[in-house]
There are 2 protein chains.
Amino acid sequence: MRRREFLGKAGGLAALASAGALAGCGSPEGNASDGMRDTGLRFHWRMVTAWPHGSPGLGAGADFLARAINELSSGRISVRVFGADDLVPALEVFEAVARGSAEIGHGAAHYWDDVGPAAQLFTSVPFGMNAQETHAWLYKGGGLELWRDLYRHFDVIPFPCGNTGAQMGGWFRREINEPADLEGLSIRMSGLGGEVMRRSGARVLSLAGDDILDAIRAGRVDAAEWVGPYGDKELGLHRWGWHYHYPGWQQPSALVEALINRDAYEALPVTLRQAVTHACRLASDHMLMEFTARNQQALDSLIQDYGVPLKRFPEPVLASLRRLTDEVLEEMAEEDSTARRVIRSYQDFQSRMVRWREFTDLDPMSG
Amino acid sequence: MRRREFLGKAGGLAALASAGALAGCGSPEGNASDGMRDTGLRFHWRMVTAWPHGSPGLGAGADFLARAINELSSGRISVRVFGADDLVPALEVFEAVARGSAEIGHGAAHYWDDVGPAAQLFTSVPFGMNAQETHAWLYKGGGLELWRDLYRHFDVIPFPCGNTGAQMGGWFRREINEPADLEGLSIRMSGLGGEVMRRSGARVLSLAGDDILDAIRAGRVDAAEWVGPYGDKELGLHRWGWHYHYPGWQQPSALVEALINRDAYEALPVTLRQAVTHACRLASDHMLMEFTARNQQALDSLIQDYGVPLKRFPEPVLASLRRLTDEVLEEMAEEDSTARRVIRSYQDFQSRMVRWREFTDLDPMSG
């Protein structure tokens, strides 16, 4: 994807009407008067995804979304799902949707480098908010509007469409005991966490799932972070006897998005736009529940069935990563005005959520 | 509501087909072949609620649900919302839906004493799971099936339809410094938390919102727990200069439910049953986001604008409440086989979530 080519499309686009019929949904449907007259047309959409078709959690989430759109539109929108590489490679999903070669995509914002640095913030912020807090920011704190602003120039509309919940810190050939242990480490990590690792002295590789296994087999990486127990176990990352570190400082939650081509969206009558909006929100909730329940099951199995050595990152390591995260965010805010707006909005909301968390946290084992 | 009258209806009811079209939704829609032929009929439903019409958070959630049902059914189900006392009193919502004098209700399970003691577990369990964990239990851990079993004898189908998130511990005329400070205290508290308070030596009153204010004015209570900063501030509980204690051990999350009369539900063609199911899930997510964002805003205002004295319950107080909670749950499990099944399922899921939480908790201020 070439940024210039996309930026050329940015001029003269009317802002989407943002008055969703359900208050607080942040849905971009227009009023009935903005929509086409509903002529009973049927729509056939292609969905390109950033994950292997049917892969647990993420690929399954894409399938769930396709079914939900079909169901909520009373069968009037049918969606055919393509896995990564079936139609386009994982990292070209955004481009395919922007070009209209697919009407809808399912992916994660941190994959779309060419949208600008701010995109990464809409997947995860290291040491950031958990899923509930992040969704509250999107729906009630202005986050979704910022996200839509960011993609507007590309004629793509993002919809929150899932969350993995908290992830784990990753698999390490050698135990991490102090910040210096990260120096020279060759690690697979994506998004802003990767940049923080780079500043910790690590060599960072961004690899797709299967490529991680190849890299481990070939001895090309010393560490790898993927999703969390559910995804990691499915991929087989526990098979090398590496140390499993927690917590997942790099992704306290990770948003998954549906990307919809603006023309395709606007070609829908208003009721079908609502159906798509609602389907995304249902798919979002479904995915978080799926990961919440399955992560724990998988973690139990990793401990009991495979004897995986679990180890918390020592506090000095977390402190160092935290300091570097602040550095990365401040530099982004300085260099890119869009990123700055997103970061300030996010930090403001997070600082308030941190206060609220302080009053609500209850150790379930207290007493 | 008389239990015997309801129990008389329990015989010979066919179990609802539980194969929802969206896997994992736990929705009770049958397959297309089970449903009525869709004749394009329109449906007019009355919704009775346990809250004042339009009240923030809860009443607004009922309105949101009514709009969502209307929208997702393409206008084929219209829902008229009645506040508490408009058609029936708050505590008679369940009975009205069971009898069919309203097709749908919006309330909280702990209000329905006559359904049996297990009902309380479907609002809150003291020292229990947070919202995300609770919803994972409902959708992925068998909780929703148990809830539906419980109401089946009354021809009422419950749908998770909101959550207040974590609540606060309540307002206290005198600061609570040790377990003995609870003895002789006259406190408004509902649900299982109330029973725990009773065992702590308190006198417990279950009062509706407005009645709490009357009781405070008349000097009839020394303490009151309501919802959380958002609801508490709206009600005006901060106006007496009392101590605001946290955390809300009695309600780490509180489920709100939609109750649907079985005949009304089964009269719907399958696509409209799905619309209702999905509307409940959207309304559920919406309410949690609303409370998450508004609670924090309200808490800030209580601190900054009103100088409310905030105080964490000392650990010995929480430890004592925790011990009494275990006692209450064990007695319930001994005395009522239905409650026992629910408690064991809940505790099993919670013990696993506690382990998962341990691996994911990340102090946002670490470093």
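I started with the largest pocket: 40 residues line it, and A:Asn130, A:Asp361, B:Asn130, B:Arg357 and B:Asp361 lie nearest its centre. By pocket I mean an open set of points on a 1 Å grid over the protein atoms alone, where a 1.4 Å probe fits, with protein on both sides within 12 Å along at least five of seven lines; lining residues have an atom within 4 Å of a point. This is a predicted model, where local features need pLDDT of at least 70 and side-chain atom pairs pLDDT 80 or more, while totals for chains, interfaces and linings use all residues. Residues are numbered from 1 along each chain, chains are lettered from A, and hydrogens and water are left out of side-chain values.

Next I looked up the volume, which is about 990 Å³, as the space filled by probe spheres set on the points. In the lining I found 16 nonpolar, 14 polar and ten charged residues; Gly counts as polar here.

Last, I checked its neighbours. S3 of chain A runs antiparallel to S10(A), with four bridges (pairing takes at least two DSSP bridges), and A:Gly107 is the partner of A:Glu257. S4 of chain A is also antiparallel to S10(A), over six bridges, with A:Ile157 opposite A:Ile260.

Conventions: Helix = DSSP H or I, 4+ residues; strand = E, 2+ residues; numbered from the N terminus.
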